[in-house]
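Here's a quick tour of the model on your screen. Keep the viewer open and follow along as the residues come up.

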Amino acid sequence: MSPGSDKTIAPVCPLPWTGQEGCYDEAGREIACPGSGQDGAFRRGMPWPAPRFQRTGALVADQLTGLIWTAEANPAGFPLTWGEALEFIRAMNARAESGFSDWRLPNRRELRSLLSYQTRRPALPAGHPFTDVFLGWYWTSTTAAINPAYAWYVHLDGARMFYGRKDQYYLLWPVRGTSSILAATGQRFSYDQAGRELPEPDPVQDGQDGFGVPWPAQRLVVEGDGVIDRLTGLEWLRQASLNGGAEVSWGEAFSLVAALNEKLGENEPHWRLPNINELESLVDCASHSPALPADHPFLEVRDVYWSSTTSCYEPDWAWALYLGKGALGVGVKRAKNFHVWPVRDRLPGQG
């Protein structure tokens, strides 16, 4: 990128902040944030409004995303299969629950948008107004591309996201409304509980008519050694692993990014280790192995990547993207298990 270029990259869908405010070393001890390179130091993303949630009777409006949730976080009262969860939502719509007939099971990005990465048990923003939050798995409406008989779910105890068989029993949390800041997941079809593709879109689940900001027609654009994501306004290193693809510890990941920045001129924007929301934004829920858009231009893509976000459930662990599947899990910071994929902001006037 040349400092004098007049190109600008206006993101279609800027990402929300993760909520992480603290910084922690590899042993899990809290440290000063300045100079750490961690999520809590940069705090990238759209800031949360204060107050973030507005409760009106049985409904809660999220003033960050624009979505409306039931105040009761366990309206079914007991676990359901994925198919039963969808039927529960349809019954809500049939009786116009709380005066509305457009309830749906949230897709994975909608359910994740409620999470705070600074809290645990539950991993929701401090002071939230929800009741009966269960510290367990909650269904999303997004089918797992790696096996359509499975769907994504989110654990509200510590914020993990993985997938389970649709005939297993988990909880549900209905949502309605649209958001101008949450991107579509990329899922193109609707599926039944057995994993069969449905001939028509299902309005209560993710799919062809799923909710979320549509992706630009040409989302990922190569420029020099980087790839511009026109959806988020972020630039990723095209070579999707530093250090020749070797697996490194969390501390080594920060050192590698710092060494990369030492080679830049003073007018060049610096790279950083991405936070967990930035990593997740790359996922295309219609793909797996890797879970990236089918036409992505990245080179040497690896399976698991460190984020700069500490797990506040276990601060000696950090969040990681399991890109083969599209899952979000954690890894021991001191273990040399994951890869490094730097990101930087692509702001107007920088390129």
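## Confidence and ground rules

The protein chain as a whole averages a pLDDT of 93, and 95% of the residues score at least 70.

This is a predicted model, so to speak of local features takes pLDDT of at least 70, side-chain atom pairs count only at pLDDT 80 or more, and totals for chains, interfaces and linings use all residues. Residues are numbered from 1 along each chain as its sequence is written, and side-chain values use heavy atoms, with hydrogens and water left out.

## An open sheet

Let's start with the strands; helices (H or I, at least four residues) and strands (E, at least two) are DSSP runs, numbered from the N terminus. Four of the strands make an open sheet in the order β10-β11-β12-β16, paired antiparallel; pairing takes at least two bridges found by DSSP between two strands. The edges belong to β10 (220-223) and β16 (343-345), each with a single partner strand, so one side of each has no neighbour in the sheet. On average, neighbouring strands here are turned by 30° against each other, direction ignored; the axes are lines fitted to C-alpha atoms, for helices over the stretch in contact, with angles from 0 to 180 degrees between N-to-C directions.

Zoom in on β12 (residues 234-237) and β16: they pair in the antiparallel sense over 3 bridges. Leu234 stands opposite Asp345 in β16.

## Nonpolar cores

A nonpolar core is a set of buried Ala, Val, Leu, Ile, Met, Phe, Trp, Tyr and Cys residues joined through side-chain atoms within 4.5 Å. Buried means under 20% relative accessible area, exposed over 50%, and partly exposed in between (1.4 Å probe, protein chains only). The largest core has 68 residues, and Trp173, Phe298 and Trp341 have the most contacts inside it. Elements that each supply at least two residues of this core include β7 (150-155), β12 and α4 (250-262), and α4 gives the most, with 5 residues.

What does Phe298 touch, leaving out residues up to four places away in sequence? Among its contacts are Leu220, Trp236, Leu282 and Trp341. Apart from this core lies another one, of 18 residues, including Leu80 and Val204.

## Cysteines

Searching the whole structure turns up 1 disulfide, with the cut-off for a pair of cysteine sulfur atoms set at within 2.5 Å. Cys23 and Cys33 form it, with their sulfur atoms 2.1 Å apart. The link of Cys23 and Cys33 is right-handed, at 110° about the S-S bond. Cys23 sits in strand β1 (residues 23-24) and Cys33 in the loop between β2 (30-31) and α1 (39-42), so the pair ties together parts 10 residues apart in sequence.

Cys285 is in no disulfide, and the nearest cysteine sulfur, that of Cys13, is 14 Å away. Cys312 is in no disulfide either; its nearest cysteine sulfur belongs to Cys23, 9.9 Å away.

Most residues other than glycine have a negative phi, and most peptide bonds are trans. Ala50 and Pro51 are joined by a cis peptide bond, with omega about 0°. From Ser289 to Pro290 the bond is cis, with omega near 5°.

Arg43 has a positive phi, near 50°, and is partly exposed at 40% relative accessible area. Asp132 also has a positive phi, about 55°, and counts as exposed at 52% relative accessibility.

How values were computed:
pLDDT is the predictor's confidence in each residue, from 0 to 100. Contact means heavy atoms within 4.5 Å.
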